[in-house]
Amino acid sequence: MSGTADKTFYLETFGCQMNVHDSEKVIGTLLQEGYRQVPTVEEAGLILYNTCSIRDKAEQKVFHRLADYKKLQAQGKKFGVLGCVAQQEGEKIFERAPHVSMVCGSASYRNLPEMLVQIETGNRSTGLDDRATDHCFETEYTARTNPHRGYITIIEGCDKFCAYCVVPFTRGKERSRTSSSVLAEARQLADLGYTEIQLLGQNVNSYRDPDGKKSFAELLAAVGEVAGIRRVRFTTSHPRDFGRDIVDVLEAVPTLCDHVHLPVQSGSTRVLDAMQRLYTRDQYLERISWIHAAQRDLSITTDLIVGFPGETEHEFEQTLSLLDEVGYDSAFTFKYSPRPNTPAIGLDDAIPDGEKAWRLAVVNEKQKQMSAHRNKRHLGRTVEVMVEGKNPRGQWIGRTSQIKVLNFTVPEGVELKTGSYVDVRVTASFSNSLVGEMVSAARGS
Ligand code: 5AD
Ligand code: SF4
């Protein structure tokens, strides 16, 4: 036996799907370096947090975790901070939490093997490649956590610099992977039995194939045509770069899911301009009209920020009227949170937190009614779901192509496998889920 048996790590992930997938790659890297993953902090020699700094609350979480477990340093445990807070705060983390020995931003993960050696020998290690990096994080091995849905990064970083957003600073400049390597990964996933693929990037629509072979829409279509793949999703889209060709391929390729996530952020052209979003309300609505005009019944979801500096009551009402005009299936809504380094940090006209909270409650209530209305349309329909597991009440949980959660019952004695596909008739609907009864196993399950 080598001495590697005692190299153990615990990893907790905060934030978005990009972080979840980065963690799968980080875990793959650590396993290859001879580490073993353990489920609790207590069992681990190395404690890692893959962090999110999109809003202040997310950032504070990691400092609370570090404070909670500080005492474990006395047992010789080491701590590492990865991801967006690592990149944003850099070596300041060592001052604030001196028990941390590794700080590594997401653009530096390819250096992890050497960084691990440094901390094993009792040194501190820092990986803070800045925006300038041209490298993608390609790993030999990705420790995928979901056996049916595989994530594939197609583009890292972001060049948009929306006024409120830390991502261009924490994840660096845009760099796309070649379409051939993305397709090779998709085929590999299909060979392993994956049936759903989710293409990831902060802005997938600005994908540029370094080999010049495929546009984003063409890549999407090609992934959808990989044998064995039944569902393809993509996130996140930026309205400025969202072309009509994407709706065309959604129409043409049946495996692409009936869903578009198109973050709007605000319904006011003045606020969109202040946010440096690079589109107007009307331009956004034009894209929505392409989606509405599709033959397929596509669900539309969005992200919204309330209380951006200077947002007037009238401008906020424009966001409310936009919700009516679009008819979103659901929305992720946020109070504006000032972030370090971002262009908006210098703006005054701050809106009091109470006012932001009120606007958030109003927007949420309105969206809840819209979601309930949108879900009601499914009553009586039979839809295909991918089985995800069981809920505490013993019903099965499935997800529709439109990304809706559907809780359903099956005939007595029937057992389902997670990852299988079944047809379910919808018998009830709520604002954030549907209820139904299984009709049959879907074709090809
Ligand atoms: N404050 C509030 N919400 C933010 N988002 C990004 N930055 C901020 C911020 N500073 C939201 C946007 C984005 C989503 C991922 O998070 O709506 O689309
Ligand atoms: Fe942030 Fe804007 Fe880039 Fe999205 S597009 S990651 S909101 S800067």
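Into which domains is the chain divided? In this predicted model, for which local features need pLDDT of at least 70, side-chain atom pairs count only at pLDDT 80 or more and totals for chains, interfaces and linings use all residues, side-chain values use heavy atoms, with hydrogens and water left out. Residues are numbered from 1 along each chain as its sequence is written, while chains are lettered from A and ligands numbered from 1 in the order in which they are written. The chain comprises domain 1 (4-127) and domain 2 (379-441), with bounds taken from an automatic or database domain assignment. A distance of 38 Å separates the C-alpha centres of domain 1 and domain 2.

Ligand 1 is surrounded by Ile54, Arg55, Tyr164, Gln265, Asp303, Ile305, Phe334, Lys335, Tyr336, Ser337 and Arg339, a residue being near when one of its heavy atoms lies within 4 Å. By class, this shell holds 5 nonpolar, 2 polar and 4 charged residues. An oxygen atom of ligand 1 lies 2.7 Å from a polar side-chain atom of Gln265, and a polar side-chain atom of Asp303 is likewise found 2.7 Å from an oxygen atom of the ligand. For Tyr164, a polar backbone atom is 3.0 Å from a nitrogen atom of ligand 1. The protein buries 86% of the 400 Å² that ligand 1 exposes when taken alone (Shrake-Rupley method, 1.4 Å probe). Strands β13 (299-306) and β14 (330-335) are the elements that give two or more residues to the shell.

Pro113 is placed in helix α5 (residues 112-120); helices are DSSP runs (H or I) of at least four residues, and strands (E) of at least two, numbered from the N terminus. Beyond its neighbours within four places in sequence, Pro113 contacts Thr29 and Glu33 (heavy atoms within 4.5 Å).

Definitions and conventions
Polar contact = N/O pair within 3.5 Å; in protein donor to acceptor, adjacent residues only side chain to side chain. Nonpolar A, V, L, I, M, F, W, Y, C, P; charged D, E, K, R; others polar.
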